[in-house]
Amino acid sequence: MSEPAPSPRYVLAIDQGTTSTRAIVFDHGGSIVSTGQREHEQLFPQAGWVEHDPLEIWDNTLNVVAEALGASGLTRDDICAVGITNQRETAVVWDKTTGEPVYNAIVWQDTRTQAIVDALAAEGGVDRFKATVGLPLATYFSGTKIAWILDHVEGARERAEAGELLFGNTDAWILWNLTGGIDGGVHVTDVTNASRTLFMDLETLEWDEDILDAFGVPASMLPEIRSSSEVYGTVHGSLPLAGVPVAGILGDQQAATFGQAAFAEGEAKNTYGTGCFLIFNTGEEIVHSKNGLLTTVGYRLGDAAPHYALEGSIAVTGSLIQWLRDNLGLIESAPQVENLALSVEDNGGVYIVPAFSGLFAPYWRADARGAIVGLTRFVNKGHIARAALEATAFQTREVLDAVNADSGVPLSELKVDGGMVANDALMQFQADILGVDVVRPKVIETTALGAAYAAGLAVGFWKDLGELAENWGEGRRWSPAMDSAERDRQLRLWKKAVTKAMDWVDDDVR
């Protein structure tokens, strides 16, 4: 008799991020086996506009999956499930018959839809729908981006109303193509992504028809809302992972929280990527912030009750370092910023408020724009680099203050992940300015890991959350070394700098 085929031993996660798409293979212990990664072009047609090419993203997805499999020598028979995590709020609208996008993806950082926000806020203010969806009206979320496409792309509204167009954040775009596209592709999103559109009722976990009517968006465009961990479909037969179930979807920040094993009420993490996002798990309770945070869905496993979260969203952190590299030429590669920052003893009195897309949490000021303050002839590029890193830590402190105020239970330490946590100087300053320990896990690719966990749970590769929690291990810890008087001084100057960035945009300034 022939030997029985071995059971699949790995899970593959597709991490479709703001600047790149990655595929990462994980083993049962949550360790990385292999990766593939490709950047996609950042398109800036006008000031405040940010776009991606959805077809480039899909092509990159196929390539990074092939790279990850090739690097490990694995085949589809070794993979038990595929999970997807994605840049949230980035909106794609495409033709369901041809599979062609009707316009580039409008990225979460894009601010072109402010006029739509203002028109909707004319009745009831920016919190008009917040009690239902947990979000203020802002250019950040998907809803206004869909409305803009329908209003500005010739024929799009008519085609949408005729049922010819589909919408999704990039998770839905990847899933639809993975499962066949025009040949039976599955049009589904999960609760975490749906909670970032401005359209989903947090209690019913369904699209709100009245809000859709207010935005002028046909319900036929929207994907079906499902849980974060279940089998949505299988990879189409023409693709490298043919027949493998796609079984997990989590928006990137919720995925990072899941990958950090922050499953329980009161647990939190902060992810340092293009932007910075602190998520605080509120359990099965919907908590509405009084301090500028968002209420969102943390995760939902199958038919179980959803877990909700408070989120502090910071628009610009890692992308500020990219700006130093790409726009100013101050550094040649992002890792160089640490050495440049360490070439000086302090920030030289310089503070950078990177309000490139306005200020997100806790201010929500669309009229703000980036500012560099405190410049003197003494200042050199080392001070600028140091101020850029410190801006991330200051913004995180303000968000953590809001989380502590809303929860009433101050966090005693902060779990961190994302690309910027490799920067030791930043992590030490973060601990200093927070006044609490900062903890980095052994596996810092927690976003992809969270998507892998969700998919693996759905197919029984992992049995429960307890098994996942056992995989988490501390990699490094930073403790505060700054005295309280200096911390208070720095925070006072930072808050003063923030006020200088406000009230910049008016009728003739974009």
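Q: Which residue stands opposite phenylalanine 280 in S18?
A: Leucine 310. This is a predicted model, where local features need pLDDT of at least 70, side-chain atom pairs count only at pLDDT 80 or more, and totals for chains, interfaces and linings use all residues. Residues are numbered from 1 along each chain as its sequence is written, and side-chain values use heavy atoms, with hydrogens and water left out.

Q: How many bridges join S16 to S18?
A: Seven, and strand S16 (residues 276–283) and strand S18 (residues 307–314) run antiparallel. Strands are DSSP runs of E, at least two residues, and helices are runs of H or I, at least four, numbered from the N terminus. Two strands pair if DSSP finds at least two bridges between them.

Q: What is the strand order in the open sheet?
A: S17-S18-S16-S15-S21-S22-S23, seven strands with mixed pairing. Strand S17 (294–299) and strand S23 (474–478) each have a single partner strand, so one side of each is left without a neighbour in the sheet.

Q: Switching to aspartate 78: where does it lie?
A: In the loop between helix H1 (54–72) and strand S5 (79–86).

Q: Buried or exposed?
A: Aspartate 78 is buried, with a relative accessible area of 18%. Buried means under 20%, exposed over 50%, partly exposed in between (1.4 Å probe, protein chains only).

Q: What does the side chain of aspartate 78 reach at 2.9 Å?
A: The backbone nitrogen of threonine 75.

Q: And how far is aspartate 78 from glycine 370 in space?
A: 48 Å, C-alpha to C-alpha, with the two 292 residues apart in sequence.

Technical notes:
A polar contact is a pair of N or O atoms within 3.5 Å; within protein, one must be able to donate a hydrogen and the other to accept it, and residues adjacent in sequence count only if both atoms are side-chain atoms.
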